[in-house]
Amino acid sequence: AGPTGDASPERPGLQHHLLGLAVLLAVVLPTYLTARWSGPASPADLASAEAGLPPEAATSEIDRLELDAHIREVAVRYKIPPRLVAAIIEAESEYNPRAVSRRGARGLMQLMPTTAASLQIDNSFDPYANVEGGVRHLRRLMKRFHGRLPLVLAAYNAGEGAVVTYRGIPPYPETRRY
C-alpha cells in the first residue's frame, strides 16, 4: 500500500503530465483547426475560381450527412454498393467538392469535363450532380466490363481506353495503387 493507505502505488508527476497534455492540446488544437479550415486557398479553390464558378459555389460547405444520404440513395438506385461510391470519392477527392486534378477532373468523383458533358452534368462542382454523374459513369463501366471490379476501377481511374488498349489494368503506377 502507498503512503495514503490505498492499494495502488502513487505516481508522482502523473497529474502534472496530464495537466501538461491538456494545456498542450488547448493551445495546439485550436491553431490546428483554424489552419485546417481557414488556411490559404488551395489549388482546387483557385482552379474553381478560374473555372468561373460564382463565389458562393466556391465557398459553400456541403452537409456531410445530407451528402452521405444522397450517395446511398443514388448508389442504391444504380445498384452500386454505397461503400464503393464512398471509397471512390475518398480516393478521388477526399470529399472535396471543389477538387481539380492536374488533368482537369473536377468535383467529388473527379469527372473529366468530357465525361461530365456526356452525362449531361452542367456543373461538376455541384456535389449532388457530381455524385449522380459519377455513379451513372460507374454503372456504365460496370456494364462495359461485365462487373469485373478491378477493370471497372482501372477504367474509372485511367479511362476506358487505357483498359481496352492494355487489355486489362494499365501499367500506370497510380492506377495500380488505385
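**Figure 1. Arg64 and the ring of Tyr95.** In this predicted model, Arg64 lies over the face of Tyr95. The distance from the ring centre is 3.5 Å.

**Figure 2. The aromatic pair of Tyr166 and Tyr172.** The structure holds one aromatic pair. Tyr166 and Tyr172 form this pair in an edge-to-face arrangement, with 5.8 Å from centre to centre and 85° between the planes.

**Figure 3. Helix α8 and its surroundings.** Helix α8 spans residues 149-158, and seven of its ten residues are buried, so the helix is largely enclosed by the rest of the structure. The buried residues are Leu151, Val152, Leu153, Ala154, Ala155, Tyr156 and Asn157. They pack against four helices: α5 (82-93), α7 (127-144), α9 (160-165) and α10 (173-177). After α8 comes Gly159, which has a positive phi, near 105°.

**Figure 4. The largest nonpolar core.** In soluble globular proteins, nonpolar side chains tend to be buried together. The largest nonpolar core of this model has 29 residues, of which Ile80, Val85, Ile89, Met109, Val131 and Leu138 touch the most other members. Two or more residues come from each of α4 (64-77), α5, α7 and α8. The greatest contribution is that of α8, with six residues.

**Figure 5. The contacts of Val131.** Leaving aside residues up to four places away in sequence, Val131 touches Leu67, His70, Ile71, Val74, Ile89, Leu108 and Met109. Val131 and two of these partners, Ile89 and Met109, are among the core residues that touch the most other members.

Conventions: Residues numbered from 1 in each chain as written. Predicted model: local features only at pLDDT ≥ 70, side-chain atom pairs only at ≥ 80, totals over all residues. Heavy atoms only, no water. Buried < 20%, exposed > 50% of the residue type's maximum accessible area, 1.4 Å probe, protein only. Contact = heavy atoms within 4.5 Å. Core = buried A, V, L, I, M, F, W, Y, C linked by side-chain atoms within 4.5 Å. Phe/Tyr/Trp six-rings, centres within 6.5 Å; stacked < 30°, edge-to-face > 60°. Lys NZ or Arg CZ within 6 Å of the ring centre and 35° of its normal.
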